[in-house]
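This briefing is meant to be read with the sequence and the model open side by side.

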Amino acid sequence: MKKKTHIMRTLIVLLVMLMPLSALAQSADELYQKALKSIENDQYKEAIELLNKVVESKPKDKEVYNKRGFARNQLGNFYGAIGDYNIALEIDSTYADALLNRGEAKFNLGDDYGALEDYDKAIKYEPKSAQAYTSRAFAKYNLEDLEGAYFDFSKAIEMDPNDADKYFNRGVIKAELEEYISAIDDYNKALSLDDSDPDIYNYRAVAKFNIDQVEEAMKDYNKAIEMDTTDPIKYENRALAKSTLEDYEGALADYDKSIELFDEDPDTYNLRGVVKYNLENHEGAIEDYSKAIELDPYNPVYYDNRALSKVAIQDYKGAIRDYSYSIELFPTDPETFHQRGLAKISKGDKYDGCLDLNTAVELGSEDAKDSIKEHCK
């Protein structure tokens, strides 16, 4: 019986040795197709396991390394992804897809310059890749090359004119370049292609607000918030529009909602403080400015604003202290010296107050000249 078992094992080994190479290759191809299916279904760990096996049979197949790199990138293993893309590019240095994907991994690591180099090469070898131009535009945007980002988004739109995101992204660039009317055109086009994104309505509203179409901006903000009730920025933006329309109660309600959703933004507290100031709720305004300062003690505007509310309740000592903090942070603002001077004069310190007013004039304040004529004779 032992001899028979030995013979059977020998036959099995011989069968494996005699298996045609085409059958092994076909097995690797089947694994590769399964891996592609796993990637399609966002099952990236499973895809990597399958591709690990494929690599053993196809160690010189650039596409296998590229796909494994893609799966690793999706799982946040950016360095591992770059390693795979490097191998693919060692096999073929003109492989545009691997260059594009390596650029994406570098972009995800915050290496915008490295990403830009890869995107440049990808476009060199595949000049009709809309995705490469789109990705390069984002890298340029991060590097504050707005004109370059504008160009790349435009090229991407030429190649793929039916993608709402591309128009939206170009619109954002135009708005930052203060080309608001043209930005609105892009947002309109994006909405004609896909009207399900509340962010497009929000950004279009911002552009309209900046060209004084405040009522039209309100309509877009309302639509954006109707579609997305969880974004604090949208409420903050609408609150600013309501403030411009002097609907302070409405603005206050929106700032309240914004803070309810996210209570760590100092600007929101500061802006709500401004609304409370306009509603003559100076104690409430001081509370909000104090919270803004607690979150960001290095913004002179918050101290200036709190000082104004303190002046309104005749707390001149507290106001002078806040103006002094502001001057420490920004010592060349003429208006802060002007206002501190007036607070000192109101407190009864005319000499020091007039010194501040003179400093304000030296820094360029025309209003301080009138205050000197009134208070420093």
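Between which helices does the loop that holds Glu-178 lie? Glu-178 sits in the loop that runs between α10 (164-176) and α11 (180-193). The model is a predicted one, and every value below should be read with that in mind.

**Overall form**

- The secondary structure of the chain consists of 22 helices and zero strands.
- The chain is more spread out than a compact globule, because its radius of gyration of 32 Å is well over the 21 Å that the globule rule gives for 377 residues.
- Taken along the principal axes, the box filled by the C-alpha atoms of the chain is roughly 120 × 50 × 40 Å.
- Of the contacts in the chain between residues at least 6 apart in sequence, 42% join residues that are at least 24 apart.

**Surface and charge**

- Buried residues account for 45% of the 377 residues in the chain.
- The chain exposes about 20600 Å², and carbon and sulfur atoms supply 50% of that area.
- The chain carries 48 positive and 75 negative charges, and the mean positions of these two sets are 9 Å apart.

**The disulfide**

- The structure holds one disulfide, which joins Cys-354 to Cys-376 with an S to S distance of 1.9 Å.
- The link of Cys-354 and Cys-376 is left-handed, with -100° about the S-S bond.
- This pair links distant parts of the chain, since Cys-354 belongs to helix α21 (residues 350-362) while Cys-376 belongs to the segment after α22 (367-375), and the two are 22 residues apart.
- Cys-354 has a relative accessible area of 11% and is therefore buried, the cut-off for buried being under 20%.

**Loop residues with positive phi**

- Asp-42 is found in the loop between α2 (21-40) and α3 (44-57), and its phi is near 60°, a positive value in a residue other than glycine.
- With a relative accessible area of 53%, Asp-42 counts as exposed, given that exposed means over 50%.
- Glu-178, the residue of the opening question, has a phi near 65°, again a positive value in a residue other than glycine.
- The relative accessibility of Glu-178 is 60%, so this residue also counts as exposed.

**Around helix α19**

- Asp-322 lies in helix α19 (residues 316-329), where it is buried, with a relative accessible area of 1%.
- Leaving aside residues up to four places away in sequence, Asp-322 touches Tyr-303, Arg-306, Ala-307 and Lys-310.
- Asp-322 and Ala-368 are separated by 46 residues in sequence and by 19 Å in space, from C-alpha to C-alpha.
- Gln-314 lies in the loop between α18 (300-312) and α19, and with a relative accessible area of 58% Gln-314 is exposed.
- Gln-314 and Ser-346 are 32 residues apart in sequence, and their C-alpha atoms are 8.6 Å apart in space.

Note on methods. Residues are numbered from 1 along each chain as its sequence is written. This is a predicted model: local features need pLDDT of at least 70, side-chain atom pairs count only at pLDDT 80 or more; totals for chains, interfaces and linings use all residues. Side-chain values use heavy atoms; hydrogens and water are left out. Helices (H or I, at least four residues) and strands (E, at least two) are DSSP runs, numbered from the N terminus. The radius of gyration is taken over C-alpha atoms; the globule rule is 2.2 Å times the number of residues to the power 0.38. Buried means under 20% relative accessible area, exposed over 50%, partly exposed in between (1.4 Å probe, protein chains only). Contact means heavy atoms within 4.5 Å. Accessible areas come from the Shrake-Rupley method with a 1.4 Å probe; for residues, only the protein chains shown count as cover. Lys and Arg count as positive and Asp and Glu as negative; His and the chain ends are not counted. The place of a charge is taken as NZ of Lys, CZ of Arg, CG of Asp or CD of Glu. A disulfide is a pair of cysteine sulfur atoms within 2.5 Å.
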